[in-house]
Amino acid sequence: MEFKLCVPCLFGLEGLVADELRRLGMADVTAENGRVYFVGGPAALAEANLCLRKGERVLLELGRFPADSFDALFEGTRALPWEALIPADGTFPVTGYSLNSKLASVPDCQRILKKAVVERLKSRYGLQWFPETGAQHQIRFSIMKDQVSLCLDTSGEGLHKRGYRPAHTAASLRETLAAAMVDLSRYRGMGEFCDPFCGSGTIPIEAALIAKNRAPGLNRHFAAMDWPALPPQIWAEAREAARAREFTGDYRILGSDLDPKAVEIARANARRAGVDDVVRFEIADAMAFSRSTERGVIVTNPPYGERLMEKQEAETLYRGFGHALQQCTGWQLYLLSSHTEFERCFGRQADKKRKLYNGMIKCDLFMYFKKQA
Ligand SMILES: C[S@@+](CC[C@H](N)C(=O)[O-])C[C@H]1O[C@@H](n2cnc3c(N)ncnc32)[C@H](O)[C@@H]1O
């Protein structure tokens, strides 16, 4: 069994996800806008679900074809081997989107697709009616410029849901984006790591998972675990292999926040993630940030003045934080903000900037990695 697998990701992270897949040893990795493709069998499918830090989900692409009419959509869908994966009792809801295409009505596409899959399964299973009482086989379609891609979702809940963050503060960062920021900072477990605006602790927790080389999906369920078409042992084997690759070490990861409630939540999240042995959280004002160690890396996501505070309050905060950091000349900083005046308030131009999206908010990751004079 060999599949074409597709990993949708946040815009701007395609290259990082492609690198991650290559590091996992996946074949034929190619990045497109908002998604990365690769080829692999059931073991690769399980490993990608368990190990990917920055991808949103793992989809199994059944087919691609052009369609600018409902007839073409119906025929193209019916021609695909759905029975190879969906059992007679499988549940198969349909969801998706259409962009820049003649088939613009998503509910109509959904209806046609469902009908076509049912027709296909009827002819293969010799049944007239499907109870849909069994395992979930979510069908995800995309139609872009009249090109249809039809996939089955192997992940179920998005991969950013690692299972450690049931409780969260108002403006929590998506886990996949936090992992990407840590990756861009090149922190791999060496030296000091700090997030002085840690909120629910997402960035320090992802840093700890990276330092330990722990697969983020080790303790969660994936939809394809319930699929009878896949060999059941692939999941335990992937889990065992991932555990064998873990590191142990003496890591120095700190998260702090002004809000005692956030710190409490962050501690509970770290416990659930199994990294409370390497991450410390404390209540502290980032405007009084100081460190005795000469070097370290700060990866952080302060308020932007959009959601949590007013713009001016954010500016005062950036000014105060910039002032405090003047004492830490050997420290590198990777800071995510949508505030257009961040650099001016902070008092220094970034060595490099990278566009990233935090949900719908267009942000810059301001990178300061050169030693200050
Ligand atoms: C955007 S949130 C961080 C969210 C976090 N990345 C997460 O995933 O939960 C910004 C955080 O900055 C904190 N904060 C605001 N002013 C602060 C200050 N002066 N010092 C430290 N933390 C502050 C807020 O309490 C809030 O938790």
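When two helices are compared, the axis of each is a line fitted to its C-alpha atoms over the stretch in contact, and the angle between the axes runs from 0 to 180 degrees between N-to-C directions. With that in mind, we can walk through this structure, which is a predicted model.

We begin with helix α2, which covers residues 42-51, and helix α7, which covers residues 233-244; the two pack at an angle of about 55 degrees, and their axes lie 9 Å apart. Because of that angle, α2 counts as oblique to α7, and the crossing that the two helices make is right-handed. On the α2 side, the residues in contact are P42, A43, L45, A46, E47, N49, L50 and C51, and they meet I234, W235, A238, R239 and A242 of α7. Sorted by class, this contact between α2 and α7 is made of ten nonpolar residues, two charged residues and one polar residue.

Helix α3, residues 70-78, and helix α4, residues 106-125, have axes that come within 8 Å and cross at roughly 35 degrees, and the crossing of α3 and α4 is right-handed. Here F70, L73, F74, T77 and R78 of α3 meet a set of α4 residues that includes D108, I112, K115, E119 and R120. The contact of α3 with α4 holds eight nonpolar residues, five charged residues and one polar residue.

Finally, we turn to the ligand, which has 21 residues around it, and of these L173, S200, T202, D257 and A286 come nearest. A polar backbone atom of L173 is 2.9 Å from an oxygen atom of the ligand, while D257 places a polar side-chain atom 2.7 Å from an oxygen atom of the ligand. For N301, a polar side-chain atom lies 3.0 Å from a nitrogen atom of the ligand.

Definitions and conventions:
Residues numbered from 1 in each chain as written. Predicted model: local features only at pLDDT ≥ 70, side-chain atom pairs only at ≥ 80, totals over all residues. Heavy atoms only, no water. Helix = DSSP H or I, 4+ residues; strand = E, 2+ residues; numbered from the N terminus. Parallel < 35°, antiparallel > 145°, perpendicular 65-115°, else oblique. Left-handed = near helix turned anticlockwise from the far one by under 90°. Contact = heavy atoms within 4.5 Å. Nonpolar A, V, L, I, M, F, W, Y, C, P; charged D, E, K, R; others polar. Near = heavy atom within 4 Å. Polar contact = N/O pair within 3.5 Å; in protein donor to acceptor, adjacent residues only side chain to side chain.
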